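User: Could you walk me through this one? I would like to begin with the terms and then go through the details.
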Amino acid sequence: MNILVIDSQGGGMGKQLVSAVKQQLPGACVTAVGTNSTATAAMLKAGADAAATGENAVIVGCRRADVIVGPIGIVIADAMYGEVTPAMAVAVGQSRARRVLIPVNQCDNIIAGVAQQPMGSLVESAMSYITNLNIS
């Protein structure tokens, strides 16, 4: 299974996701793509198999992934304080991969009906979905 983790800003969520995937799905190939070098470095440090930074890395990664996981902002143009470009959002949205989007109520994007939860709980929930996916 090829899992693409996309994150921005400091890469804290991505770091937790990469670590959880490597622990719970040791056979998975994890590619980390940060919208900036700080996010990429954090995810690489967490154990990603490969890492890259920027718009083109997101676009290429989305073509190769079986699963894409990250904050919901990765499908919203100009989200995450402008770090998600329109081309990135389109690439994630049009990918054939399964998307596991984490509901983070930040940056003027509010997901109605979703209660605030600690990041650890959100990562656990995302991992539950990922481990139950039937991908060949």
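Analyst: A residue counts as buried when its relative accessible area is under 20%, and as exposed when that value is over 50%. Please keep in mind that this is a predicted model.

User: Okay, is Met-80 buried or exposed?
Analyst: With a relative accessible area of 7%, Met-80 is buried. Met-80 belongs to helix α4, which spans residues 79–82, and its phi is near 55 degrees, a positive value in a residue other than glycine.

User: And Tyr-81, buried or exposed?
Analyst: Tyr-81 is exposed, its relative accessible area being 67%. Tyr-81 is also found in helix α4, and although it is not a glycine, it has a positive phi of about 60 degrees.

User: Switching to α2, which of its residues are buried?
Analyst: In helix α2, residues 37–45, the buried ones are Ala-39, Thr-40, Ala-42 and Met-43. These residues cover an arc of only 160 degrees around the axis, so they lie on the same side of α2.

User: What covers them?
Analyst: The cover over the buried residues of α2 includes the elements β1 (2–7), α1 (12–24), β2 (29–34) and β3 (50–53).

User: Which exposed residues are on the face turned away from that buried side?
Analyst: That face of α2 carries Ser-37, Thr-38 and Lys-45, which are exposed.

User: What about the ends, which residue caps the N-terminal one?
Analyst: The N-terminal end of α2 is capped by Asn-36, which has a side-chain oxygen 3.0 Å from the backbone nitrogen of Thr-38. Just after α2 comes Gly-47, with a positive phi of about 115 degrees.

Methods. Residues numbered from 1 in each chain as written. Predicted model: local features only at pLDDT ≥ 70, side-chain atom pairs only at ≥ 80, totals over all residues. Heavy atoms only, no water. Buried < 20%, exposed > 50% of the residue type's maximum accessible area, 1.4 Å probe, protein only. Helix = DSSP H or I, 4+ residues; strand = E, 2+ residues; numbered from the N terminus. Arc of directions from axis to C-beta. Contact = heavy atoms within 4.5 Å. Polar contact = N/O pair within 3.5 Å; in protein donor to acceptor, adjacent residues only side chain to side chain.
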